[in-house]
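Thanks for making time this morning.

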Amino acid sequence: MTELLYQTDSYLQEFDANITSVLLAERAIVLDRTAFYPGGGGQPWDFGTLTVADGAYPVNKVKKQGEDVLHFLGGAMPLPAVGSTAHGILDWARRYALMRTHSALHVLCGTVFRDYGALVTGGDMDPLKGRMDFEFETMRGELVREIEAAVNKEVAQSREIRVRILPRDEAFQIPDLIRTKINLLPEGIAQVRTVEIVGLDLQADGGTHVHNTNEVGTIRVVNYKSKGAINKRLYIEIE
Ligand SMILES: [Zn+2]
């Protein structure tokens, strides 16, 4: 089982850990704790470096498998042994860009729901750009500019972004969480992690976020596309 350090400290850039298992065929290792985000909720996995006594490996891919986080190592060096200690360093420029992007998408979805009552049906992101699908019947340039102005106004409010890990029963009593389909979470989950943009948005979410909307930057809605009768896609970029 891997302790997920990024869930409680998204600003952790380096960490020490022990190697608890080695998968030779996949060239992957499991750590007892990690700051590497394994991907999920539209946020891609982190890149970085893992240093052991004999040298350093590039971390090319990270993936959650049950309770474990697999770190896929590049290079040609033989894999380290189980029980070795390792030091992980994230590609921080990329990760921080993804944190700003992920938080920007939550600002967008909170603002669109508040102003138009439109729910999100999907989303995806890369560093400093993303897309989100909403239940809109029509979308036009004028509306896009209105949304863009509203999201940047929210960013400028310097709203705090709070992460909490709650017992399942407590989380299910928060009415705001229902619209983000908390009821679709698997039965077995004992705790729910919530991300709240104070005064704007509250979601069940596993991703890494900035502490305050003032870190996001300027959001541009650069394009929009119809993806069906009641589905419209907005494309954003962060400056
Ligand atoms: Zn999210």
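This is a predicted model: local features need pLDDT of at least 70, side-chain atom pairs count only at pLDDT 80 or more; totals for chains, interfaces and linings use all residues.

Asp133 is buried, at a relative accessible area of 7%, where buried means under 20% relative accessible area, exposed means over 50%, and partly exposed is what lies in between, all with a 1.4 Å probe and protein chains only. Residues are numbered from 1 along each chain as its sequence is written, and side-chain values use heavy atoms, with hydrogens and water left out.

Which side chain does Asp133 meet in a salt bridge? The partner is Arg233, with 2.7 Å from N to O, a salt bridge being a side-chain nitrogen of Lys or Arg within 4 Å of a carboxyl oxygen of Asp or Glu. Arg233 lies in strand S15 (residues 232-238) and Asp133 in strand S10 (residues 129-134), so this pair ties together parts that are 100 residues apart in sequence; helices (H or I, at least four residues) and strands (E, at least two) are DSSP runs, numbered from the N terminus. Arg233 is buried as well, at 13% relative accessible area.

The whole structure holds nine salt bridges. Among them is the one between Glu160 and Arg162, whose closest N and O atoms are 3.2 Å apart; here Glu160 is partly exposed, at 38%, and Arg162 is partly exposed, with a relative accessible area of 38%.

Let me turn to helix H2. It covers residues 141-156, and its 16 residues reach 23 Å from the first C-alpha to the last, close to the 22 Å expected at 1.5 Å a residue, the expected span being 1.5 Å times one less than the number of residues. The buried residues of H2 include Leu143, Val144 and Ile147, and its buried residues pack against helix H1 (92-116), strand S14 (219-226) and S15. Setting aside neighbours within four places in sequence, Ile147 is in contact with Leu108, Val112, Tyr116, Phe136, Met139 and Leu234, where contact means heavy atoms within 4.5 Å.

Ile147 also belongs to the largest nonpolar core, which has 52 residues, and is listed with Leu108 and Phe134 as having the most contacts inside it. Such a core is a set of buried Ala, Val, Leu, Ile, Met, Phe, Trp, Tyr and Cys residues joined through side-chain atoms within 4.5 Å. H1 gives the most to this core, with nine residues.

S5 pairs with strand S6 (residues 55-65) in the antiparallel sense over five bridges, two strands counting as paired if DSSP finds at least two bridges between them. The two strands form a hairpin with two residues between them, and S5 is also joined to S8, running antiparallel, by four bridges. Val52 is among the contacts of Pro80, a residue in the loop between strand S7 (68-73) and strand S8 (85-90). Pro80 counts as buried, at 9% relative accessibility.
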